[in-house]
There are 2 protein chains.
Amino acid sequence: MKNTILIMGHKSPDTDSICAAIAYAELKKTLGFDAKPVRLGKLNRETKYILGYFKIEEPELVTKIIEPQSEDMKQDIILVDHNEKTQTIDEADNANIIEVIDHHRIVFNTANPLYYRAEPVGSTSTIVAKIYKENGITPTKEMAGLMLSAILSDTVIFKSPTCTEEDINIAKELEKIAEVSIETYGKDMIIAGASIEGEDLADVVKTDIKLFEFGTKRLLVSQVTTAGVNKLLETKNQIIEVLEKIMKEENVDGVVLMLTDIVLEGSELLSVGKYASLIGVGFNAKVGADSVFLPGVLSRKKQIIPKLTEILI
Amino acid sequence: MKNTILIMGHKSPDTDSICAAIAYAELKKTLGFDAKPVRLGKLNRETKYILGYFKIEEPELVTKIIEPQSEDMKQDIILVDHNEKTQTIDEADNANIIEVIDHHRIVFNTANPLYYRAEPVGSTSTIVAKIYKENGITPTKEMAGLMLSAILSDTVIFKSPTCTEEDINIAKELEKIAEVSIETYGKDMIIAGASIEGEDLADVVKTDIKLFEFGTKRLLVSQVTTAGVNKLLETKNQIIEVLEKIMKEENVDGVVLMLTDIVLEGSELLSVGKYASLIGVGFNAKVGADSVFLPGVLSRKKQIIPKLTEILI
């Protein structure tokens with residue numbers, strides 16, 4: 001008997017990684033395959049809210065692929081929302097990657113042909129929803145809800161520069177099936193995810209932090225999406241302390257934090273390290289200020305990293 | 001004004017490379033894009049027969065991408081039926097690869113997200129035909145004819161082990177639109193392609209020849225598809241001479257030739273070089289024979305290369 005296909009998003013899963021995996025597994029099952037969504041890490045608050053809202057169970061945690069006893073006992077896996085080796089399950093070489101569904105750049109090599117579907121859209125769930133349509137299958141209310149949530153999350157309710165017309169059109173179709181309102185549900189979802197009540201500030205900053213090299217300078221850049229930047233900034237000193245601690249622990253030249261506010265539609269940029277004032281000047285902060293609000297700035301990839309490159313190299 | 005998107009198959013183009021490029025360019029135009037199919041080399045006899053049959057012009061020859069004067073003047077290109085750098089147009093880095101449609105293994109890296117569509121089916125044209133359907137567009141008689149021809153060519157009329165149910169189903173749909181019979185048209189097409197009347201034997205052998213390494217042994221393996229192996233074998237001595245000449249010129253340890261007969265549904269395997277008798281024994285040739293007929297063997301990739309690996313390593 002062929003083993004169950006495991007469908008998984010990337011490590012440190014975000015909403016798209018989890019929702020695309022669940023919705024795609026459901027489609028595979030409808031098409032007659034034995035498939036199961038799994039997760040490679042802890043769910044974030046936003047994803048938990050979404051699964052709770054649509055009453056869907058958390059996928060099982062799987063962290064590595066066990067070496068098979070023989071080649072034909074290899075575990076079949078499908079990667080969604082990622083393709084790079086560094087982002088996938090440990091010991092992935094022990095598995096047989098039969099499909100990839102993704103919306104990121106491609107850094108991928110295989111020995112055999114496989115089903116690989118990448119599109120330059122805002123969210124993997126947009127592609128999964130298209131595959132439902134291509135197969136003539138209408139998703140259930142719950143699956144439509146998960147895919148819609150992932151699109152709203154990845155595109156920050158259509159405001160991110162990564163959002164395409166296709167994301168918006170698919171989201172509007174899913175909105176009807178899911179019986180929610182993009183406007184109100186989307187905000188509730190992002191606010192639920194942005195709540196850091198009772199959470200450790202360092203954990204929050206580390207949730208979506210990535211290392212970038214600018215010439216010889218190594219900086220960590222974190223993004224936290226919220227609906228109440230001003231409330232958060234009441235504890236700015238504590239945040240700065242947390243950033244400085246991370247900088248020392250990780251032995252980097254600086255830490256930059258984007259506090260992205262979905263309601264204000266902009267980001268407060270905080271930075272520590274010896275290039276902090278250089279960064280401040282580059283982003284037109286007031287002299288001496290340790291942070292600056294950037295209206296309209298929502299994307300780390302498209303708006304912050306290119307500017308940091310310009311300033312630091 | 002945005003430049004015309006060039007759509008291209010691989011170097012030494014086969015029927016699928018050319019037909020998929022033409023049919024996909026036609027679809028792109030129907031969808032409102034400015035697109036044009038091009039070819040990276042001389043058309044083979046089979047492809048010429050097909051284009052003649054459906055009265056479609058040969059795509060223009062393009063062999064390299066000129067360096068653009070600025071980043072935003074980069075030529076947009078779409079790769080069909082290949083993705084590896086070694087198989088694509090020269091100076092491809094000067095272009096902007098906006099899409100890939102393919103059915104081979106993936107050896108591909110990009111800096112940016114793009115539309116990448118690979119499926120493990122017998123022919124790229126099967127995937128192009130699916131994209132027509134997904135967009136709700138019925139191909140013209142001519143485009144259906146080209147895509148059908150490519151599927152029949154790549155799967156040797158459904159007999160290759162690379163052929164999938166999906167290839168067959170799509171081909172049957174295209175058969176109706178193209179108003180031809182798979183049975184008779186397919187054979188006519190393959191016979192037309194297999195005719196080597198008036199051609200240089202060395203050119204024929206070199207049409208589809210690839211270098212493979214088996215441990216430290218380097219062998220060229222060529223495949224020629226025909227409908228009259230026995231007639232060809234009347235000049236076996238000349239063929240052996242041609243193979244020996246290629247072996248010397250290319251400085252390899254041996255040359256293997258598959259003469260695949262679509263009517264007899266098998267391949268005559270000839271080989272020269274110091275491992276020829278070892279290969280003969282491995283394929284159960286009679287002692288002293290310089291070739292052997294292998295019933296049911298149609299695929300180099302799936303049937304010959306794995307066996308050669310077993311014999312030679």
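## Close-up views of a predicted two-chain model

In β12(B), Val292(B) is the bridge partner of Leu269(B). The views below come from a predicted model, in which local features need pLDDT of at least 70, side-chain atom pairs count only at pLDDT 80 or more, and totals for chains, interfaces and linings use all residues. Residues are numbered from 1 along each chain as its sequence is written, chains are lettered from A and ligands numbered from 1 in the order in which they are written, and side-chain values use heavy atoms, with hydrogens and water left out.

**View 1. Strand β11 of chain B and its pairing with β10(B) and β12(B).** Helices (H or I, at least four residues) and strands (E, at least two) are DSSP runs, numbered from the N terminus. Two strands pair if DSSP finds at least two bridges between them. Strand β11(B) (residues 266-273) pairs with β10(B) (residues 254-261) in the antiparallel sense over 8 bridges. Within that pairing, Leu269(B) of β11(B) is the bridge partner of Met258(B). The hairpin of β10(B) and β11(B) has 4 residues between the strands, and Glu265(B) takes a positive phi near 55 degrees there. β11(B) also pairs with β12(B) (residues 291-295), again in the antiparallel sense, over 5 bridges. Because 7 of its 8 residues are buried, β11(B) is largely enclosed by the rest of the structure; buried means under 20% relative accessible area, exposed over 50%, and partly exposed in between (1.4 Å probe, protein chains only).

**View 2. The surroundings of Lys74(B).** Lys74(B) lies in the loop between β3 (60-61) and β4 (75-80) of chain B. Lys74(B) counts as buried because its relative accessibility is 18%. Contact means heavy atoms within 4.5 Å. Apart from neighbours within four places in sequence, Lys74(B) is in contact with Asn3(B), Pro68(B), Asp93(B), Asn94(B), Ala95(B) and Asn96(B). The side chain of Lys74(B) reaches the backbone oxygen of Asp93(B) at 3.5 Å. Asn96(B) is 22 residues from Lys74(B) in sequence, with 6.0 Å between their C-alpha atoms.

View 3. Ser123(A) is placed in the loop between β7 (115-118) and α3 (124-134) of chain A. With 0% relative accessibility, Ser123(A) counts as buried. Its side chain makes a polar contact with the side chain of Asp16(A) (3.1 Å). A polar contact is a pair of N or O atoms within 3.5 Å; within protein, one must be able to donate a hydrogen and the other to accept it, and residues adjacent in sequence count only if both atoms are side-chain atoms.

**View 4. The interface of chain A and chain B.** Here 19 residues of chain A are in contact with 19 residues of chain B. The two chains bury about 1,700 Å² between them, 57% of it on carbon and sulfur atoms; buried area is the accessible area (1.4 Å probe) that two parts lose on being put together, summed over both. In chain A, Arg105(A), Ile106(A) and Pro113(A) lose the most area to chain B, together 30% of what that side buries. There are 7 residue pairs in polar contact between the chains (both at pLDDT 80 or more). β7(A) supplies the largest share of the side of chain A that touches chain B, 4 residues.

**View 5. Strand pairing between the chains.** β7(A) and β7(B) (residues 115-118) pair in the antiparallel sense over 3 bridges. Arg117(A) stands opposite Arg117(B).
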